[in-house]
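This report describes the fold of each chain and the packing between the chains. The sequence and structure are shown first.

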Amino acid sequence: MSAMEVWHYILLAISVASMTAGLVFVLAGAIGVIRMPDFYTRMHAAGVTDTLGAELIVLGLMLQSGLTLTTVKLALVGLLLFLTSPTSTHAIANAAHKAKLKPQLKRHRPEHPADRGPEERKS
Amino acid sequence: MLYGVGLSAILGLLWLTLSGNYTLSGDYPLIIMLGILSILISVGITLRMRILDRETVPIVRAPHLIAYWAWLGGQILAANISVLKLIMRPDVDIEPRLVRVPVDLRSGTARCVYANSITLTPGTVTVDVEDDGYLVHALDKSMTDPAGFAEMALRSDRAADGQRTSEDGENS
């Protein structure tokens, strides 16, 4: 195996690792939207998806495409996400605030399903 | 003038990147002429709207803003991991907070950069923008550290407007 091929495989490994990490964050965002109690906290969970999740996936794709025009275009996509996602998140949050949606501010700590009695768990 | 040339250069680079035309044979001269025409029309409309200033074309502050983004990237990474931990823990235990963060920045660019930075950092979202402060919703009370907000404000202020001089005063 030549040095060039070794370098190619190293790049491939970093790219796959980056995309896998991105997928973990996107999945965590989706799970968070289900688990969080109210609108504002769900928004935070969704924020994980469009910052690190999306950027890591774009980074992985950039490493795959090498030094081509596609890489520059992907970098532009990443920059666009970086600039527009906070603006849209703020627009949604501000709309909720203007509509006088009250955030839930008390401590949220639901009971763990395993701590429930066996009768309750059936229902 | 500087901003007009800067905007044209940025648009030209963007057009070259997206079209991928670098040769001057065949039909390409026509396409490049059309590209230059569209750039001129864009700059002309911007001039007509009189929004061609340091705020729309921040090329003078670009190196500082890019350095700030690098720092912000590190902050986002750390915040993402802490939010990930809060979300994925088997027993959810969060205490959301709505706090007012005082804002004392010199320009609209700095205010915009600061508000977007707060929103971009997972766990905190700017809910309302007021004249002298932002209403910020935080996922957990551990994320409402005033020192963290103050450092972010100071860095975005420096990135957008440079070091504060004595002329600016402390509360300008």
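## Basis of the description

Helices (H or I, at least four residues) and strands (E, at least two) are DSSP runs, numbered from the N terminus. On that basis, Leu14(B) belongs to helix 1 (residues 2-19) of chain B. This is a predicted model, in which local features need pLDDT of at least 70 and side-chain atom pairs count only at pLDDT 80 or more, while totals for chains, interfaces and linings use all residues. Residues are numbered from 1 along each chain as its sequence is written, and chains are lettered from A and ligands numbered from 1 in the order in which they are written.

## Chain B: overall organisation

Chain B contains five helices and three strands. Their order from the N terminus is α-α-α-β-α-β-β-α. A residue is buried if 20 or more other C-beta atoms lie within 10 Å of its own, exposed if 12 or fewer, and partly exposed in between, with C-beta atoms placed from the backbone. Of the 172 residues of chain B, 27% count as buried.

Two residues are in contact if their C-beta atoms, placed from the backbone, lie within 7 Å. Among contacts in chain B between residues at least 6 apart in sequence, 70% link residues at least 24 apart.

Axes are lines fitted to C-alpha atoms, for helices over the stretch in contact, and angles run from 0 to 180 degrees between N-to-C directions. Helix 1 of chain B packs against helix 2 (residues 28-48) of chain B at an angle of about 140°, the axes being 10 Å apart. The crossing of these helices is right-handed; a crossing is given this term if the near helix is turned clockwise from the far one by less than a right angle, and is left-handed if anticlockwise. Residues of helix 1 of chain B in this contact include Leu7(B), Leu11(B) and Trp15(B), and those of helix 2 of chain B include Gly35(B), Ile39(B) and Val43(B).

## The sheet of chain B

Two strands pair if DSSP finds at least two bridges between them. In chain B, three strands make an open sheet in the order 1-3-2, with antiparallel pairing. Strand 1 (97-102) and strand 2 of chain B are the edge strands, each pairing on one side only. From one strand to the next, the twist averages 30°. Helix 4 of chain B packs on the sheet and touches strand 2 and strand 3 of chain B, its direction making about 140° with that of strand 2 of chain B.

Five bridges connect strand 2 and strand 3 of chain B in the antiparallel sense, and the two strands form a hairpin with three residues between them. Within this pair, Thr126(B) lies opposite Val136(B), and Val125(B) lies opposite His137(B).

## Helix packing within chain A and between the chains

The axes of helix 1 and helix 2 of chain A come within 7 Å and cross at roughly 165°. Helix 1 of chain A is therefore roughly antiparallel to helix 2 of chain A; angles under 35 degrees count as roughly parallel, over 145 as roughly antiparallel, 65 to 115 as roughly perpendicular and the rest as oblique. Their crossing is left-handed.

The contact between the chains takes 33 residues from chain A and 31 residues from chain B. Helix 1, helix 2 and helix 3 of chain A each give two or more residues to the side of chain A that touches chain B, and helix 3 of chain A provides the largest share, 11 residues.

Helix 2 of chain A and helix 3 of chain B have axes that come within 10 Å and cross at roughly 140°. These two helices are therefore oblique to each other, and their crossing is left-handed. Among the residues that meet here are His44(A), Val48(A) and Leu52(A) from helix 2 of chain A and Leu77(B), Val83(B) and Ile87(B) from helix 3 of chain B.

## The nonpolar core

A nonpolar core is a set of buried Ala, Val, Leu, Ile, Met, Phe, Trp, Tyr and Cys residues joined through C-beta atoms within 7 Å. The largest has 43 residues, and Val48(A), Val83(B) and Tyr114(B) have the most contacts inside it. Elements supplying at least two residues each include helix 1 (3-35), helix 2 (39-65) and helix 3 (69-98) of chain A, as well as helix 3 (62-88) and helix 5 (146-161) of chain B. Helix 2 of chain A gives the most to this core, 11 residues.

Leaving aside neighbours within four places in sequence, Val83(B) contacts His44(A) and Val48(A), together with Pro122(B), Gly123(B) and Leu139(B).
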